[in-house]
Every structure is written in structure tokens, then in C-alpha cells.
Amino acid sequence: MTLVEAMRERREHLLATVGEIVRRESPSTDKAAVDALAAYLQEQCRALGADVEVHPQREYGDLTVARWGGNGNADDKPLLVMTHIDTVWPLGTIERKPFSVEGDIARGPGIFDMKASVAMMLEAVRLIRERDLPHRPIQWLINTEEEVGSPVSRPLIEELARGSAYVLCLEPPIPPEGKLKTFRKGVGMFTMRITGIAAHAGADPEKGASAIQELANQILYLHSLTDLALGTTVNVGVVRGGTRPNVIAAEAVAEIDLRVSSQAEAERIVPAILQTRPRHPGTSVTVEGGLNRPPMERTPTIVAAFERAQEIGASLGLDIQEGGTGGASDGNFTAALGVPTIDGLGCPGDGGHAEHEHISITGLVERAALLTGLLTEL
């Protein structure tokens with residue numbers, strides 16, 4: 001029996017696990033809710049023979065590392081599997097968008113990004129243990145704050161990755177074909193604060209210096225840094241400023257998103273944002289921020305890792321293709337270290353962060369089989 005056939009036999013159990021995880025809501029900003037789901041998964045991992053290590057956090061959910069020893073060469077480096085359980089959906093969304101199954105489609109908040117992937121990992125480990133399949137040591141990192149930029153987990157991610165043979169990132173694949181991701185853009189986040197001089201807009205406007213006028217100048221400058229041919233985008237996505245229509249604004253704020261395809265481009269653009277100067281007399285500009293995630297570049301190491309996954313997929317009768325995205329993941333961190341990283345291994349579907357979020361149940365079964373193959377053949 002092939003791994004795909006074995007997973008087809010487990011379809012209902014796998015789908016039930018997806019439903020259980022989806023119903024346990026876990027928005028990034030609700031520590032208690034995320035911790036409750038993490039505790040459930042810790043129990044599941046212990047039942048599957050894992051050594052479970054919990055890294056307590058104050059603001060975000062506690063981080064979990066589950067480990068299974070290898071049953072092959074004692075000198076084998078481990079595999080690192082990365083998932084996150086936090087979602088963008090607030091508590092109570094499950095009442096409005098309950099877990100549901102219709103034909104080959106399952107729906108629910110966070111199901112595509114990326115709770116179905118978490119269920120896949122549990123089922124893959126269960127199959128490996130039941131069949132006593134050979135494998136390297138496995139480390140599974142369950143992150144709790146990926147959706148807000150992994151502010152506390154990055155050091156742990158990088159520590160685990162440095163000692164790993166491969167990193168398997170179970171982020172969703174690219175819709176609709178379910179392509180794996182061999183490149184991702186790096187992400188920068190910045191806050192610009194502008195100070196002007198308040199004055200009466202009618203009685204003595206010449207005494208003022210408008211922070212909002214300067215903000216307009218800065219927006220034009222920042223957007224001029226976009227170079228689509230190089231894959232660079234700068235977007236001023238949020239602006240605030242002023243107090244009343246008849247007051248020349250003394251303050252304004254902008255929140256800025258940067259996307260870059262290469263580290264070289266990041267090194268060019270980031271200083272251009274941080275070192276911008278005011279254009280309007282009487283105003284001052286300060287910018288805080290930087291690159292939150294480095295770009296995941298399509299290096300020979302990344303390509304070789306993808307091609308190995310493609311070979312394993314082909315042996316299971318699966319056609320695995322590659323692509324890229326402007327979004328980032330924890331795989332950006334590990335790829336930047338030079339560790340072979342295979343990203344986009346999660347469950348096919350569509351609608352991440354959107355009302356139409358859903359997964360393909362056929363894809364769920366096939367990708368769980370592929371994950372099992374990777375865990376046992378890499």
C-alpha cells in the first residue's frame with residue numbers, strides 16, 4: 001500500500017482532526033486561546049511518543065517544540081518542521097463561519113492558513129509510528145505569533161534551523177495549482193512620524209508648517225521607490241494626522257510596507273526609507289523600523305531541496321511544481337541562513353485571511369502523504 005493509499009484510508013480521521021483544530025479558535029492576540037490550542041497539541045504529541053518542550057511567553061502564546069528520535073543513522077541531522085497555530089480571525093468567528101464540509105471542500109476560520117497543515121503533521125507522525133518507518137530525528141516547532149511577524153520566536157526558529165538537515169515549512173501552497181514556494185519576498189515595516197507647526201488655517205496660515213503637507217510629499221517619494229521590474233514595492237498603507245479642518249496640522253503619521261526580492265535590494269531601499277529628509281520648511285521627519293523578514297531567494301540550495309521534494313512526490317504519483325509569492329513566512333528566516341528549506345508544503349486550498357477560506361480534501365490527503373514521504377526519505 002502506497003502512502004497516498006494509506007492516507008486515503010485515514011481520510012475521515014484526518015478530516016476530524018482538522019475540524020477539532022479549527023474549532024479551537026486561536027487569534028494571535030489572544031494568549032489564553034492560543035495556549036489552549038497549544039496544550040491540546042502538546043497532549044497529542046506526547047500520545048505519539050514525543051518529548052515536548054514548552055517555551056513560555058508573556059505576551060504571545062507559548063512556543064512548543066515536539067521531538068521524535070530517529071530510527072536510522074545515529075549521526076543523522078534532524079528535520080525541522082514548522083507550523084503556526086495563530087490566525088487573523090477574532091474569537092467568535094467560528095459561530096459565524098463554522099467548520100463545514102461540502103463535497104471536496106472544507107471551510108472554517110484559519111483552515112487554509114494553516115490549521116489543516118497542523119492536522120497533516122499529526123497524521124503523518126501517526127502513520128510513521130504505526131508502520132515503524134525509518135526517519136531522521138524530527139523536531140516540530142509550533143509557533144504562536146507568525147501572523148504578527150514572529151517577534152519572539154525568531155531566535156528559536158534560527159537556533160533549531162542551524163542544526164537541521166532540512167526545514168519543512170507547512171505554509172499553504174500557491175493557489176490554485178498548489179505550487180511549493182522556492183522564493184518569497186522579504187518584508188520591511190516602518191513608521192514615519194512628521195512634526196510641523198500648528199497655526200490657525202484662516203487667520204495666520206503663514207505661521208504654520210503643515211505636517212500633512214509634508215506627509216503628502218513623503219508619500220510621493222516613498223511610492224517612487226517602487227520598482228516592479230526588480231520586485232520592489234513600497235506602500236504607505238495607513239496615514240493619520242491633524243486635529244481639525246481649521247488647524248494647520250502639527251503632527252502626522254504613516255505606516256509603511258516594504259517588499260523586496262533580494263537582500264541586495266533590501267540594502268539599497270531600507271536606508272532610502274530610514275534616511276529620508278523633509279521637503280516642506282518647518283517640518284521634521286523621523287522613521288523607525290526595518291526589515292522584519294529577509295527575502296527567501298531562489299538559491300541553488302533552495303532549488304535542490306525543491307527538486308528532492310519533487311522527486312519524492314513523483315514517486316507517490318504527485319505532480320509537484322514551484323512558484324513564488326510576495327508574502328513572507330518563517331521559512332524566510334531559515335532560508336536566509338542557508339539551510340535547505342522547502343516551503344508551501346501545507347494543504348491546497350485558497351482564501352487565506354479571507355471570507356472564502358477553504359481547503360481541498362483531496363489535497364489534504366495527498367499533501368499528508370507527501371509530508372510523510374519527506375519525513376521518511378529526506
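**Cores, helix packing and local backbone features**

A249 touches G196, I197, A209, S210, A211, I212 and G242, leaving out residues up to four places away in sequence; touching, or contact, means heavy atoms within 4.5 Å. The model is predicted, so local features need pLDDT of at least 70 and side-chain atom pairs count only at pLDDT 80 or more, while totals for chains, interfaces and linings use all residues. Residues are numbered from 1 along each chain as its sequence is written, and side-chain values use heavy atoms, with hydrogens and water left out.

A249 sits in the loop between β12 (247-248) and β13 (251-260). Helices (H or I, at least four residues) and strands (E, at least two) are DSSP runs, numbered from the N terminus. The relative accessibility of A249 is 5%, so A249 counts as buried. Buried means under 20% relative accessible area, exposed over 50%, and partly exposed in between (1.4 Å probe, protein chains only). A249 and T195 are 54 residues apart along the chain, and their C-alpha atoms are separated by 8.5 Å.

The largest nonpolar core has 68 residues. Such a core is a set of buried Ala, Val, Leu, Ile, Met, Phe, Trp, Tyr and Cys residues joined through side-chain atoms within 4.5 Å. W68, M121, W140 and L375 have the most contacts inside the largest core. Helix α5 (residues 111-131) gives the most to this core, with 13 residues. Another core, of 21 residues, lies apart from it; among its members are I194, Y221, L258 and I273. W140 is in contact with C45, T64, V65, A66, W68, V81, T83, V118, M121 and L122, leaving aside neighbours within four places in sequence.

Helix α2 (residues 11-23) has 13 residues. From first C-alpha to last, α2 reaches 18 Å, close to the 18 Å expected at 1.5 Å a residue. The expected span is 1.5 Å times one less than the number of residues. Its buried residues are L14, L15, T17, V18, G19, I21 and V22. They pack against α3 (31-47), α4 (93-96), β4 (100-102), β5 (105-107), α5 and α11 (361-377).

The axes of α2 and α11 are 11 Å apart, at an angle of about 105°. Axes are lines fitted to C-alpha atoms, for helices over the stretch in contact, and angles run from 0 to 180 degrees between N-to-C directions. The two helices, α2 and α11, are therefore roughly perpendicular. Angles of 65 to 115 degrees count as roughly perpendicular, under 35 as roughly parallel, over 145 as roughly antiparallel and the rest as oblique. R11, L14, L15 and V18 of α2 meet I361, L364, V365 and A368 of α11.

I94 is found in helix α4. At 11% relative accessibility, I94 counts as buried. I94 touches V22, R23, E25, F99 and P109, not counting residues up to four places away in sequence.

Two peptide bonds are described here. D113 and M114 are joined by a cis bond, with omega about -5°. M114 is found in helix α5. The bond from P175 to P176 is also cis, with omega near -5°. P176 is placed in the loop between β7 (166-169) and β8 (180-184).

D132 has a positive phi, near 55°, and is not a glycine. D132 lies in the loop between α5 and β6 (138-143). With a relative accessible area of 58%, D132 is exposed.
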